[in-house]
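Here is a short report for a reader meeting this structure for the first time. Keep the view open while reading.

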Amino acid sequence: MAIYSQSVLVRAPPPLPCRFVPRPCYIMARPLLVFTPSGALLKAAVRDVWASNFDEELSNLSAMLPRYPCVCVDTEFPGAVHDSDMPRYMRGPRESYELVKRNVDDLKLLQVGIALSGPAGRFPIAWQFNIRGFDPALHPHAPASIAMLREQGMDFAMLNEFGIDPEDFAAGFRRSGLACGRLTWTAFSGSYDFGYLAKALTGGQPLPDTLDGFLALVRRLFGHSVFDVKHLARCCAMRGGLEQVATALGVKRAVGRAHCAGSDSLLTTDVLLLMLHRFFRNVDVLAHAGTIVDLT
């Protein structure tokens with residue numbers, strides 16, 4: 001199945017999967033971050049991944065990892081149901097992690113977006129994995145967040161009918177090469193992204209009790225080359241969320257809408273590549289590996 005000619009957002013679940021062939025881990029001599037912005041940022045598509053095409057699309061993604069070993073992840077989840085009386089600016093890393101843990105432990109993952117980049121720039125396809133198991137009538141959620149996700153096009157009935165079983169997602173992730181620990185992983189304000197992904201990959205188990213335990217789990221699952229794009233933006237005197245940083249850089253969303261995991265992973269990648277090209281050419285960006293906003 002040729003995926004390179006896709007130029008639109010694909011939402012309907014394809015009918016039949018193909019047989020998934022596990023890929024090996026991709027070993028690099030040193031962690032890789034890309035310094036070349038994509039030459040055609042407007043050419044992009046999001047592939048929606050459901051139970052029916054999960055093996056096929058995971059195989060497509062896996063085949064790209066040798067040439068595009070920088071993985072950007074974005075997750076969507078039902079908001080936050082726990083908050084703290086302590087203002088955010090007063091919270092230390094451990095207080096922030098306690099809040100992340102309470103929310104991630106009690107809520108369910110909805111979507112995982114993955115975009116890839118490499119020495120030639122950003123790969124034109126992002127994958128949006130739709131996860132089943134959440135029912136707004138049964139499970140904890142923030143009503144405002146659910147309303148916002150619906151406005152952005154998320155169909156919760158479709159998630160439960162066609163979505164990927166969380167156990168299948170975790171098993172596929174592990175055998176695809178994504179979990180080899182030698183790729184570069186990035187996210188924007190990644191505490192919840194890595195938190196929800198860690199929960200999914202450990203079979204829905206609660207996150208570790210301590211911040212140190214969580215950071216050790218992140219290293220075990222994703223390796224030592226983990227970057228938070230929001231932290232890098234702060235190093236470049238840019239504040240705000242993903243949209244604000246993208247606007248400051250002049251980066252436009254290539255496809256889709258905000259708060260859709262595939263689209264946000266593409267935008268984060270485009271922001272990262274331009275920021276690295278513009279601000280980090282003569283800087284050892286690897287010194288920022290392992291720094292996750294609010295947690296370190």
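This is a predicted model: local features need pLDDT of at least 70, side-chain atom pairs count only at pLDDT 80 or more; totals for chains, interfaces and linings use all residues.

## F169 and the nonpolar cores

Beyond its neighbours within four places in sequence, F169 is in contact with F54, V112, F129, I131, I164, L197 and A200. F169 is also among the residues with the most contacts inside the largest nonpolar core. That core has 51 residues.

A second core is separate and has 21 residues. It includes F188, M238, V245 and L274. In soluble globular proteins, nonpolar side chains tend to be buried together.

## The chain as a whole

The chain holds 10 helices and 6 strands. Of its 296 residues, 53% count as buried. The accessible surface is about 13,000 Å². Carbon and sulfur atoms account for 54% of that surface.

## Helix 1

Helix 1 spans residues 54-64 and is mostly covered. Of its 11 residues, 9 are buried. They are F54, E56, E57, L58, S59, N60, L61, S62 and M64.

What do these buried residues pack against? Three strands are involved: strand 1 (45-49), strand 3 (111-118) and strand 4 (121-130). Helix 5 (166-175) is a further partner.

## Helix 5 against helix 6

Helix 6 covers residues 191-201. The axes of helix 5 and helix 6 come within 8 Å and cross at roughly 95 degrees. Angles from 65 to 115 degrees count as roughly perpendicular, so helix 5 is roughly perpendicular to helix 6. Helix 5 brings F169, A170, F173 and R174 to the contact. Helix 6 brings L197, A200 and L201. By class, this contact has 6 nonpolar residues, 1 charged residue and no polar ones.

Y196 also sits in helix 6. Is Y196 buried or exposed? Its relative accessible area is 1%, so Y196 is buried. Leaving out residues up to four places away in sequence, Y196 touches F77, G79, N103, V104, L107, K108 and L109. Of these, L109 lies 87 residues from Y196 along the chain, yet their C-alpha atoms are separated by 6.4 Å.

## Helix 2 against helix 7

Another helix pair involves helix 2 (residues 93-106) and helix 7 (residues 211-222). Their axes are 9 Å apart, and the packing angle is about 70 degrees. The two helices are therefore roughly perpendicular to each other.

Which residues meet here? P93, R94 and Y97 come from helix 2. L211, D212 and F214 come from helix 7. By class, the contact has 4 nonpolar, no polar and 2 charged residues.

## Helix 10

T269 is buried, because its relative accessible area of 2% falls under the 20% cut-off. Apart from residues up to four places away in sequence, T269 touches C72, A115, L116, S117 and R122. T269 and V229 are 40 residues apart in sequence, with 8.8 Å between their C-alpha atoms.

L273 is in helix 10 too. L273 is buried, with a relative accessible area of 1%. L273 and S117 are 156 residues apart in sequence. In space, their C-alpha atoms are 8.5 Å apart.

## Two positive phi values

Most residues other than glycine have a negative phi. Which residues go against that here? S189 is one of them, with a positive phi of about 55 degrees. S189 lies in the loop between strand 5 (184-187) and helix 6.

H259 also has a positive phi, near 65 degrees, and is not a glycine. H259 lies in the loop between helix 9 (242-249) and helix 10 (261-279). With a relative accessible area of 36%, H259 is partly exposed.

Key. Residues are numbered from 1 along each chain as its sequence is written. Side-chain values use heavy atoms; hydrogens and water are left out. Buried means under 20% relative accessible area, exposed over 50%, partly exposed in between (1.4 Å probe, protein chains only). Helices (H or I, at least four residues) and strands (E, at least two) are DSSP runs, numbered from the N terminus. Contact means heavy atoms within 4.5 Å. Axes are lines fitted to C-alpha atoms, for helices over the stretch in contact, and angles run from 0 to 180 degrees between N-to-C directions. Angles under 35 degrees count as roughly parallel, over 145 as roughly antiparallel, 65 to 115 as roughly perpendicular and the rest as oblique. Ala, Val, Leu, Ile, Met, Phe, Trp, Tyr, Cys and Pro count as nonpolar, Asp, Glu, Lys and Arg as charged, and the others, Gly among them, as polar. A nonpolar core is a set of buried Ala, Val, Leu, Ile, Met, Phe, Trp, Tyr and Cys residues joined through side-chain atoms within 4.5 Å. Accessible areas come from the Shrake-Rupley method with a 1.4 Å probe; for residues, only the protein chains shown count as cover.
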